[in-house]
Amino acid sequence: MKTPITLAALFVTFSLGAQSLVIATGGKSMDWPPSSTVPMTPVDGSFHVATLDLGEGTHFCLAQDNGGDTPVRLSPAGNKILPTDDNTYSYLSDSQNKIEVTVPVRRPSGVSPVETFDLWTDKARYNPGDEVWIQASKFRDVPGATVRYRRGADVIREHPLVQEWWSWTPPADDFQGYLVDVYSLDADGNEHIHGSIGVDVSSDWKRFPRYGYTAWFEPDRLDGITGDVAFLNRRHINAVQFQDWHLSHHQPYCGDAVYKDIANRDVSLEVVRKLIEVQHAFNMKSFFYNLGFGALENAGAAAAGVREEWYYYRDRNHSQKDYHKLPKEWKSNITFVDPANTEWQEYLVNRNREVYDNLEFDGFQVDQVGNRGDDTYDYWGNQFRLCDRFPSLLKALKAGHPDKRLIMNSVSKYGAQGIASSGVIDVCYNECWGDTQSLMDLYWIVFDNDNASGKSVRTVFANYMNYDFAKNNWGKEFNTPGVLLTDACIFALGAGHLELGAGGNMLCNEYFPNTNLRIGSDLYEAITRYYDFATAYETLIYDTSRELTPAVTPLDATPEVSIWNYQKGPQPRRIVIRGTETKKGQLVYHLLNFRKVNSLSWRDLNADQPEPELLSEIKLNIDVDRMVSRVWAASPDSDACLPVELPFTQEGNAVTVSVPSLKYWTMLVFE
């Protein structure tokens, strides 16, 4: 059966000049260049029309004819792979400048919990060309199931599920995320999703950082190391910080089989070594933690060669050193040295060489202590700002070990500009406290880090959730709504969150071994989906070229909306929209549910952020500056992170679309 369909395209800000438009037709997987094209007729210079006979199963997309052999598609480059066997078409409606694209909205009829099907991959990150090994230990429970692979909303492969372990070699492209799911069809043709998992193909972890931690090195931990690190691997953590693993701040490496850390806990050197080995097997980077300018005076600093001239002082006469007081049961208070003292820098480089010569660490997580005030003097009475010394320290550390990685903490933005612009760090690491507690503070930290680094370095937040609640509620659970809303906002800003620890732990305190709060079953399920989502759609979240400031109008019964950009932060009682354009030209709108929030702080100090209401059929009118050929949405809160292609209407600059659901975070994509 042939159905004549009239196609139209309206361009408002896109100038075609003497060039012409064509329609490329083909099957579900349309190779490029296309085998067949149909010219479109210009009506008024920017409005084009054509009539086609589209047979059942025929698909099309628009292209621009530049007079050469290969037309240029008006959508992201690559093969156009459409998700259904139905015709996807545009047609001329009653209004002469209106395009309507109709596709069936296909959402799964059911989704199994993460642990029910238990889908795993063998690494947290893959280099281009690597085989991805995927495990479905319960594959026998779903006879006749299908494995599907997606990049964005495009299905790139499917095959039957026939065994527990199988391999897949992704496309050779570097820095790409994929979503793999396993599904079955019921008698009515509806999909049930048994499991889904993200896959990251990136030659370097820092492009899409997912930073975790470990802080337990007792000898009895040895047998459980693989399982502890596997928890991080399942959430695609691609770098791990070792906190409080060292003998002392001025002498981190100890060759003893068992030694004491600063809190006088036992540390097994074999456990440290095994943790690094297992993390490397999962293709994670391992970073050792240490303060960049500290010595334990009461634990042998002078005997180890730390000189009085290296410390900094609170007076010009070098009579009062600065220090951080620690519990009396610990080894010592920490006394601070001048980070820019060249002899100290050489000393620390040599101490780090002992670490690297004996342990296969990939880099150094450099800590600081925030703003210590202006009364800061070197031994000879010269006043300085502590933060001004950080770039010198970092460059000396990099020069000493050029093949090793560096990260440095910025406590509540202190020294952030110099650290971000140093040119030697993997990520901008920001530990935020009460003076940077608002979600808008996080926005400006990312903004400033991007500017200082020339947008070459991502931001990772070390933000401790439910901090006050955790102090007196040992053994209780993290507040799931507070954690998920904060994570949704951090990801929507294109940043990462250091929060997940080996063995299923999560941070609630700056002392990383603290385990006062635990991850409950609801949060365990949700946080896994969030890291699958951030991995699968990493290019859409992180690879952005500019911020959007769209005009968005809610339609019908949709609640009020507000735009989160440089002018205004997230607003309560609204759907908050954060818009970006990717480097490939996709328009991405992060919908965040602020309808019931009790605070605009990320901290959820008392663990009382309420659970948001589930919103359905969110109808929006969004102004854009180009023609849109495809619209889809995906969320970590629904449909096992699967993308859902959506029908839409474009009239002039305005695109009207209905988003199926919003719990915490839904990502809407225009292509």
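These legends describe close-up views of a predicted model.

**View 1. An open sheet of 5 strands.**
The strands follow the order β12-β19-β18-β15-β16. Their pairing is mixed. β12 (110-111) and β16 stand at the edges, and each has a single partner strand, so one side of each lacks a neighbour in the sheet. Helix α10 (residues 521-536) packs on this sheet. There α10 touches β12, β18 and β19. The direction of α10 makes about 55° with that of β19.

**View 2. The pairing of β18 with β19.**
Strand β18 covers residues 176-185, and strand β19 covers residues 191-201. The two run antiparallel. They are joined by 10 bridges.

Strand β15 (residues 146-151) and strand β16 (residues 154-160) run antiparallel. Here 6 bridges join them. Tyrosine 149 has arginine 157 of β16 as its bridge partner. The hairpin has 2 residues between the strands. Look for glycine 152 in this hairpin: this residue takes a positive phi near 60°.

**View 3. Helix α9 beside helix α10.**
Two packed helices are described by the angle between their axes and the distance between the axes. Helix α9 (residues 480-492) packs with α10 at an angle of about 5°. Their axes are 10 Å apart. An angle under 35 degrees counts as roughly parallel, so α9 is roughly parallel to α10. On the α9 side, the contact is made by Thr480, Val483, Leu484, Asp487, Ala488 and Phe491. On the α10 side, they meet Asp522, Leu523, Ala526, Ile527, Tyr530, Tyr531 and Ala534. The residues of this contact divide into 10 nonpolar, 1 polar and 2 charged.

**View 4. Helix α4 against helix α5.**
Helix α4 (residues 342-358) meets helix α5 (residues 390-400) at an angle of about 45°. Their axes lie 10 Å apart. That angle makes α4 oblique to α5. The crossing of the two helices is right-handed. From α4 come Gln345, Leu348, Val349, Asn352 and Arg353. From α5 come Ser392, Leu393, Ala396, Leu397 and Gly400. The contact of α4 with α5 holds 5 nonpolar, 4 polar and 1 charged residues.

**View 5. Strand β29, enclosed on both faces.**
In a regular strand the side chains alternate between the two faces of the sheet. How many of the 7 residues of strand β29 are buried? The count is 7 of the 7 in this strand (residues 405-411), so β29 is largely enclosed by the rest of the structure. One side carries Arg405, Ile407, Asn409 and Val411. The other carries Leu406, Met408 and Ser410. Both faces are covered. Strand β28 (residues 363-367) runs parallel to β29, and 4 bridges join the two. Glycine 363 stands opposite arginine 405 of β29.

**View 6. Serine 638 in a loop.**
Serine 638 is found in the loop between β41 (631-634) and β42 (644-645). Is serine 638 buried or exposed? Its relative accessible area is 18%. Buried means under 20%, so serine 638 is buried. Leaving aside neighbours within four places in sequence, serine 638 is in contact with Arg107 and Ser661.

Methods
Residues are numbered from 1 along each chain as its sequence is written. This is a predicted model: local features need pLDDT of at least 70, side-chain atom pairs count only at pLDDT 80 or more; totals for chains, interfaces and linings use all residues. Side-chain values use heavy atoms; hydrogens and water are left out. Axes are lines fitted to C-alpha atoms, for helices over the stretch in contact, and angles run from 0 to 180 degrees between N-to-C directions. Angles under 35 degrees count as roughly parallel, over 145 as roughly antiparallel, 65 to 115 as roughly perpendicular and the rest as oblique. A crossing is left-handed if the near helix is turned anticlockwise from the far one by less than a right angle, and right-handed if clockwise. Contact means heavy atoms within 4.5 Å. Ala, Val, Leu, Ile, Met, Phe, Trp, Tyr, Cys and Pro count as nonpolar, Asp, Glu, Lys and Arg as charged, and the others, Gly among them, as polar. Two strands pair if DSSP finds at least two bridges between them. Buried means under 20% relative accessible area, exposed over 50%, partly exposed in between (1.4 Å probe, protein chains only).
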